[in-house]
Amino acid sequence: MKDIHVVVIFTLSLVLLPKAISGLNEGQMHVGFYREKCPHAEFLVSHYVAKAFIRDRGIAAGLIRLLFHDCFVKGCDASILLDSTFSGEPVEKDSVFNGKSLRGFEVIDKIKTKLEILCPETVSCADLLVFAAREAVFLSGLPYYAVHGGRRDSRTSRSADVNGNLPMPTMPMEEIIRIFASKGLTVEDLVVLSGAHSIGRAHCMMFEYRLNETSRNDPYSPSMEPTYAAHLKRRCNQMNLSTKIGKRNAIVRFDPSTADRLDNVYYVNLLKGRGLLQSDQALVFDPHTERLVKEMAFDSVTWSRKFVNSMTRLGHINVLTGYQVRLGNFKGQTL
């Protein structure tokens, strides 16, 4: 599969044959971008994401996170998918800040392989990531929404670019807000998109340091509700002992009550002191985000609408369109 991945991505993003760019230069981004050149593209994405979701519902969180990690580094340009580049530098997916926790590559590989058979060198991988995330959101219980197509793929991917561009769980909220603002996203986008943690899983090593700090009310290192902390400690210890996989691989769900459904229970849990990551729980204490958390907790309809809108804005971060190209660490490449 990795060989297929390299061939497919490089065919679209690096070779730059005239046919490869023809479908991406006729007008700017818009809904139905592939209606003429590849009319079944979005249906095919929908079909294969649904098949993957039936096998493993956790793939929805993986696909949403994959888009987030792509867009927040240099923009929504599919650079997260590249296995290697002409320069030989380490690529984004190998960054220590991405670790080995990103999921969904195999789903994107399969869809891209099918699209290359159906419509060779037409649909960009950047658009594919956005389409797949939209399907993941829908399958997880939120309304279906239209997304623009017309993004170009980057020809560069550097592990070094990840540092400082992704919010980390231990960062102060001020720093996370700054990172979101640098991408053109608001504090409300930050709070709303954090609701993606109503699905998915986290490694125990990401929060175990918090399990013994249940009496502090520090906005920079907020405490966890004692009963929930005790439950998580037992759960992580049981996984460590029963599977012998160790803390690095032991995982728990963000929300055990509605684990596979995107909903505002995430915010209800935050108000109870049951945020899994430090950056989740800190949303309740920061004066910029506290009011928004309460609003989202008490209005599920508003949150779902705002989540879809924020996902749409996420998919428009620093996109390449038309003849734009991001050369970066590629040498001697011109259009």
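## The largest pocket

A pocket here is an open set of grid points with protein on both sides within 12 Å along at least five of seven lines. In this predicted model, the largest pocket holds about 1,300 Å³ of space. Its lining counts 44 residues. Arg65, His69, Ser101, His197 and Phe254 are the closest to the centre of the largest pocket.

Several elements give two or more residues to this lining. The helices are helix 4 (59-71), helix 7 (173-182), helix 8 (187-194), helix 11 (278-285) and helix 13 (300-314). Strand 3 (201-203) is also on the list. Helix 4 provides the largest share, six residues. By class, the lining of the largest pocket has 26 nonpolar residues, twelve polar and six charged.

## The second largest pocket

How much space lies in the second largest pocket? The volume is about 270 Å³. Of the 21 residues that line the second largest pocket, Gly200, Arg201, Val252, Arg253 and Ala259 are the closest to its centre.

Helix 4 returns here: along with helix 9 (226-243) and strand 6 (251-253), helix 4 supplies at least two residues of the lining. The largest share comes from helix 9, with five residues. In this second lining, eleven residues are nonpolar, four are polar and six are charged.

## Aromatic pairs

The model has nine aromatic pairs. One of them joins phenylalanine 68 and phenylalanine 72. Their rings are stacked, 4.2 Å centre to centre, with 20° between the planes. Both phenylalanine 68 and phenylalanine 72 are buried.

Tyrosine 266 and tyrosine 267 pair in another way. Their ring centres lie 4.9 Å apart and their planes stand at 80°, so the pair is edge-to-face; the cut-off for that class is over 60 degrees. Are these tyrosines buried or exposed? Tyrosine 266 has a relative accessible area of 5%, and tyrosine 267 has 0%. Buried means under 20%, so tyrosine 266 is buried, and tyrosine 267 is buried too. Tyr266 and Tyr267 also belong to one aromatic cluster with Trp303 and Phe307.

## A charge over a ring

Which residue lies over the face of phenylalanine 105? Lysine 93 does, at 4.2 Å from the ring centre.

## The fold as a whole

The protein has 335 residues, and 56% of them are buried. Its secondary structure comes to 13 helices and six strands.

Glycine 322 has 8% relative accessibility, so it counts as buried.

Conventions:
Residues numbered from 1 in each chain as written. Predicted model: local features only at pLDDT ≥ 70, side-chain atom pairs only at ≥ 80, totals over all residues. Heavy atoms only, no water. Phe/Tyr/Trp six-rings, centres within 6.5 Å; stacked < 30°, edge-to-face > 60°. Buried < 20%, exposed > 50% of the residue type's maximum accessible area, 1.4 Å probe, protein only. Lys NZ or Arg CZ within 6 Å of the ring centre and 35° of its normal. 1 Å grid on protein atoms, 1.4 Å probe; cavity = no way out; pocket = protein on both sides within 12 Å on 5 of 7 lines; lining within 4 Å. Points joined across faces, edges and corners; volume = space filled by probe spheres on them. Helix = DSSP H or I, 4+ residues; strand = E, 2+ residues; numbered from the N terminus. Nonpolar A, V, L, I, M, F, W, Y, C, P; charged D, E, K, R; others polar.
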